Amino acid sequence: MAGGAAVAPSSSAGKRQDYPGGLTLFVFMACMVAATGGLIFGYDIGISGGVTSMDPFLSRFFPSVYRKQAESADGGNQYCKFDSELLTLFTSSLYVAALVASLFAASVTRAAGRKWSMFAGGVTFLAGCALNGAAVNVAMLILGRVLLGVGVGFANQSVPVYLSEMAPMRMRGMLNNGFQLMITLGILIANLINYGTAKIAGGWGWRLSLGLAAVPAAIITVGSLFLPDTPNSLLERGRPEEANRMLQRVRGTDDVAAEYDDLVAAGEESRAVTHPWRDIRQRRYRPQLVMAVAIPLFQQLTGINVIMFYAPVLFKTLGFGGTASLMSAVITGLVNLVSTLVSVFTVDRAGRRALFLEGGAQMLAAQVAVGALIGAKFGWSGVATVPAGYAAATVVVMCVYVAGFAWSWGPLGWLVPSEVMPLEVRPAGQSITVAVNMLMTFAVAQAFLPMLCRLKFLLFFFFAACVVVMTLFIALFLPETKGVPIEDMAGVWKTHWYWKRFVNDGDDTDGHGVDIEMGCVGEAKK
Ligand code: BGC
């Protein structure tokens, strides 16, 4: 998508920007595996909120939360009834594990190849599912979540790399957003499963919810064994003939010499940068570094995971019954999925900035409305009975908010940082983006329940204020990247009112020539 394969190169280098070959069965397989990677991530995001609102689960593992909830069921302070450090730790432990694992997975992915990282992720994830499904105490639950997190870390690190290296250039962007689409599908499936398992008499439905994560995990584990290595990875590991043969198979044509030469050149250039973590701090990479940190940071400060993790809990706070709460989570999950499709089909026509700005304005309006609706009813005391129509109106406004996120910060939060990063520092930049995302997901998950208890309805105004800041940030600092070939991306900063002073300093560090040289394979090393 970002590749803009048809656009003629603007530099004198005049490199070709497209290669022969199309979508083969191999590439299709790669998509499937990537999709399962998105599914397991999404399933994790969606499953914990529903499970932590199920009474049998709470009474067994978090009895103090269960008691507080029961006491406040018919009155009392609604804002604080779910506030428990242990309960939050259950949800957020996964993200700390994923953060650490994603940094570690980068070297496995590089040394052993992408498929073995996927395999390692799948196996660890399966162990986590088993521990969670069979849990008899909180320790088993949290250890299981940590293993799931390690699995997610490995999968999120290796699957997108694999996908980008396998995908024909023209389909790279579409596949990128497809990955986010699968995350949202995973969330929705998890919400539906929670809705079904909560009704199981005997109170063991939560075991099924947690255990069923094994299904997508088994697919990625077994699937990874059948996947071929990427040509890039074979080259990286010193197997050039195999790499050439693999490239021909993957592209479905013998005419791969141009792409192969570029892969070799990119590999050499990339190896020449021996300290990407140090180099990325150089002044000339400042705009990209700022985007790599700020975009995932802001993505999480939209507050989206408050809805994704805690929607059922939040709806219970609003006075919905258990089943109605889970149903409402299904509704927001569906809105999330469908709205992501809007982004898939418009991002290359409307552009990134338009989606960011519109999505920001929509989220802002919805957050202010949710805060006002909850504040008007519950006030500062947190005591109220909410009429059904009022609660339904709140759900509708929350859906407006989710839709705004799903066609802006959701997919763009992953797409933009990856498409602006030059090849030589791309792996380091990508790791920063993943790590900041996981760290902020953890922080929001950890802070939400205590913040709701203390800030009460004002919490929604807090997120609204964050949306104002991030929308201004986009308006002022993000140049449009729609239709810009990835190898010409350096140019967007050179004409930007603020960033031009960093990249036009006149040293040889603007790296434009290098970008052009490596352009065609630039994205392959993502
Ligand atoms: C975010 C997740 C979020 C999901 C919701 C992703 O882009 O990284 O944190 O839960 O979107 O669809």
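**View 1. Helix H7 supplies the largest share of the shell around the ligand, namely three residues.** The model shown is predicted. By residue class, the shell around the ligand comprises five nonpolar and eight polar residues, with no charged residue.

**View 2. Gln180, Gln299, Gln300, Asn305 and Asn336 are the residues that come nearest to the ligand, out of the 13 around it.** The side chain of Gln180 places an N or O atom 2.9 Å from an oxygen atom of the ligand. For Gln299, the distance between a polar side-chain atom and a ligand oxygen atom is 3.0 Å. An N or O atom in the side chain of Gln300 lies 2.9 Å from an oxygen atom of the ligand.

**View 3. The protein covers 99% of the accessible area of the ligand.** On its own, the ligand has 310 Å² of such area. The space that the ligand takes is the second largest cavity.

**View 4. Phe473 and Phe477 form a tilted aromatic pair.** A pair of aromatic rings is described by the distance of the centres and the angle of the planes. The count of aromatic pairs in the model comes to 21. In the pair formed by Phe473 and Phe477, the rings are 5.6 Å apart centre to centre, with 45° between the planes. Both residues belong to helix H21 (residues 458-477), and because Phe473 and Phe477 are four residues apart there, about one helical turn separates them.

Conventions. Residues numbered from 1 in each chain as written. Predicted model: local features only at pLDDT ≥ 70, side-chain atom pairs only at ≥ 80, totals over all residues. Heavy atoms only, no water. Near = heavy atom within 4 Å. Polar contact = N/O pair within 3.5 Å; in protein donor to acceptor, adjacent residues only side chain to side chain. Areas by Shrake-Rupley, 256 points an atom, 1.4 Å probe, with all protein chains shown as cover. 1 Å grid on protein atoms, 1.4 Å probe; cavity = no way out; pocket = protein on both sides within 12 Å on 5 of 7 lines; lining within 4 Å. Sits in = over half its atoms within 2 Å of the grid points. Helix = DSSP H or I, 4+ residues; strand = E, 2+ residues; numbered from the N terminus. Nonpolar A, V, L, I, M, F, W, Y, C, P; charged D, E, K, R; others polar. Phe/Tyr/Trp six-rings, centres within 6.5 Å; stacked < 30°, edge-to-face > 60°.
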